[in-house]
Amino acid sequence: MEEPQQPAEEAEAAGGRLALRFQRAFLAGRRLAEFPWQDLEEILKDSGDPSSLLAILQKHESVGAEPLDELYEALRDVLTAEESTHCYKNYLLPSGDAITLCESVAIISRGTTGLVTWDAGLYLAEWAFENSEVFGNRNILELGSGIGLTGIAICKTSFPQAYTFSDHHQCVLQQLSENIRLNGFLLEPEAGCHGALEWKNQKVELAGVQAPNITVAELDWNCVTATQLSAFRADVVIAADVVYDPELTQSFIAVLRKLSTCKDNEKLPDVYIAFTIRNPDTYRHFQSELDKFGIRWQVVPGPQKNLFPYDRHATITILKLLV
Ligand SMILES: C[S@@+](CC[C@H](N)C(=O)[O-])C[C@H]1O[C@@H](n2cnc3c(N)ncnc32)[C@H](O)[C@@H]1O
C-alpha cells in the first residue's frame with residue numbers, strides 16, 4: 001500500500017522550518033557537512049512531489065535573494081578572498097534579533113581555545129532562553145567566557161541586573177570586549193577593584209529596555225582569591241566548556257571551592273556548568289573531584305528547543321552545582 005502523501009500546507013511549513021535551519025547554519029558559518037542535508041532528503045522523499053523543494057526555494061526567494069546568483073557570488077568571494085584569521089558569525093535569537101561575533105577561523109589560535117564559540121556555550125544560551133527566571137534581575141558571573149556568545153545572549157534576552165564576563169587570556173578579553181560593543185553595549189576601560197584592568201558599560205537602553213551593568217574582568221582560576229570572588233557578589237555563576245582536560249579540572253575545582261565561601265546575604269551562588277562530553281573519563285574525573293570535595297551536583301534537563309546550529313550528535317550536559 002502506498003504511504004499517504006503530506007498535505008501541501010504541511011509540506012510547505014516543514015520546508016519553511018528547514019529553510020530557517022539552513023539560514024541559521026549559513027549565518028553562523030557552520031561547515032557545509034553540518035547543514036541539515038539529511039532532513040532535506042527526508043522531506044523530499046516523504047513529500048513524493050517537488051512542492052517541498054519549491055517551498056524552500058520560495059522561502060529563500062521571499063527574502064529577496066536569487067538562489068543561484070547568490071551562491072555563485074559567495075563562491076567567487078570565497079575563491080578570490082585572501083586568507084583571513086577571523087570572520088564574523090551571526091546567531092539568530094528567538095526574537096529575530098541576531099548576535100554578531102568576530103571569531104577566529106581556527107579552533108585554537110594564539111594559544112587559546114577562547115577565540116571561537118563552542119557548542120556547550122550555544123547549548124547553555126538555549127537553556128537560558130527557556131529558564132530566564134534564573135537570570136532575570138540577578139547578578140551573574142561567567143567564568144571562561146571566551147568571546148561572549150552565552151553572556152551576550154543572556155544580557156539581550158533575560159535582563160539580569162548585572163553581568164560579569166571573565167577570562168584569563170588577554171586576546172580573548174580584547175575580542176570579548178569588542179564583541180560586546182559590536183552588539184550594542186557601551187564598554188569603557190577602567191581600573192577594576194581587583195587591580196586588573198576591567199571594562200565596564202554605562203547603563204544604556206537597548207531596544208527600549210535598560211541594559212544590565214556589564215563588566216569584563218580578567219579572572220584566572222589559578223590565582224583568583226576567595227575575597228576577589230566574593231567581591232563580585234554573584235547570585236549565579238555559569239561556565240560553558242571549561243572542563244576538557246585534567247589540569248584545567250583541578251584549577252576549575254579550586255575556583256568552585258573558593259566560591260563556597262562567597263556568602264552574600266547568607267546565600268551561596270547557584271552554579272550551572274555546561275559541557276560537551278568528548279571523553280567520558282574526563283567527565284567522570286570531574287564528577288569524582290566534585291564528590292571528593294563535597295560539592296553536590298545534579299544534571300539539569302537540557303533545552304527543549306534547538307535554536308542554534310551545532311553538532312546534534314554531540315553529548316552536551318548541564319550540571320547544577322551546590323557549592
Ligand atoms: C573552550 S573555551 C569556552 C569558551 C566559551 N565559554 C564557549 O563556550 O564558547 C574555554 C575558555 O576557558 C578559558 N580558560 C582556560 N583556562 C582558564 C583559566 N585558568 N582561567 C580563566 N579562564 C580560563 C579560555 O581562555 C577559554 O576562553
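## A partly exposed loop residue

R233 counts as partly exposed, with 14 C-beta neighbours inside 10 Å. R233 sits in the loop between α8 and β10. Its phi is positive, about 50 degrees, although R233 is not a glycine. The model is predicted.

F159 is another non-glycine residue with a positive phi, near 50 degrees. The loop between α6 (149-157) and β4 (162-167) holds F159. F159 is partly exposed, with 16 other C-beta atoms within 10 Å.

## Overall make-up

The chain has 323 residues, and 34% of them count as buried. It contains 10 helices and 13 strands. Among contacts with a separation of 6 or more, 67% join residues 24 or more positions apart.

## The nonpolar core

In soluble globular proteins, nonpolar side chains tend to be buried together. Here the largest nonpolar core has 68 residues. L124, L149 and A274 have the most contacts inside this core. Helix α5 gives the core its largest share, 7 residues.

What does A274 touch, leaving aside its neighbours within four places in sequence? The contacts of A274 are A120, Y123, L124, A240, D241, I316 and I318. One of them, L124, is itself among the core residues with the most contacts.

## Helix α9

Helix α9 covers residues 246-259. At 1.5 Å a residue, its 14 residues should span 20 Å. The end C-alpha atoms of α9 are 20 Å apart, which agrees.

Which residues of α9 are buried? They are F252, V255, L256 and L259. Seen down the axis of α9, these buried residues fall within an arc of 100 degrees, so they line one face of the helix. The general rule is that an α-helix has 3.6 residues a turn, so residues three or four places apart point the same way. The face of α9 turned away from the buried side carries the exposed residues P246 and E247.

Several elements cover the buried residues of α9. These include the strands β3 (139-143), β10 (236-240), β11 (270-276) and β13 (316-322), together with helix α8 (226-231).

## The ligand shell

How many residues surround the ligand? There are 24, and the closest are G114, G121, G144, G146 and H168. The shell divides into 9 nonpolar, 12 polar and 3 charged residues. Helices α5 (119-130) and α9 each supply at least two residues of the shell.

Helix α7 has 13 residues, 170-182. From its first C-alpha to its last, α7 reaches 18 Å, close to the 18 Å expected at 1.5 Å a residue. V172, L173, Q175, L176, S177, N179 and I180 are the buried residues in α7. G184 follows α7 and has a positive phi, near 95 degrees.

T112 lies in the loop between β2 (98-104) and α5. Leaving aside neighbours within four places in sequence, T112 is in contact with H169, C171 and V172. T112 and H169 are 57 residues apart in sequence. In space, their C-alpha atoms are 7.6 Å apart. Is T112 partly exposed or buried? T112 is partly exposed, with 17 other C-beta atoms within 10 Å.

How values were computed
Residues numbered from 1 in each chain as written. Predicted model: local features only at pLDDT ≥ 70, side-chain atom pairs only at ≥ 80, totals over all residues. Helix = DSSP H or I, 4+ residues; strand = E, 2+ residues; numbered from the N terminus. Expected span 1.5 Å × (residues − 1). Buried ≥ 20, exposed ≤ 12 C-beta atoms within 10 Å, placed from the backbone. Arc of directions from axis to C-beta. Contact = placed C-beta atoms within 7 Å. Near = placed C-beta within 6 Å. Nonpolar A, V, L, I, M, F, W, Y, C, P; charged D, E, K, R; others polar. Core = buried A, V, L, I, M, F, W, Y, C linked by C-beta atoms within 7 Å.
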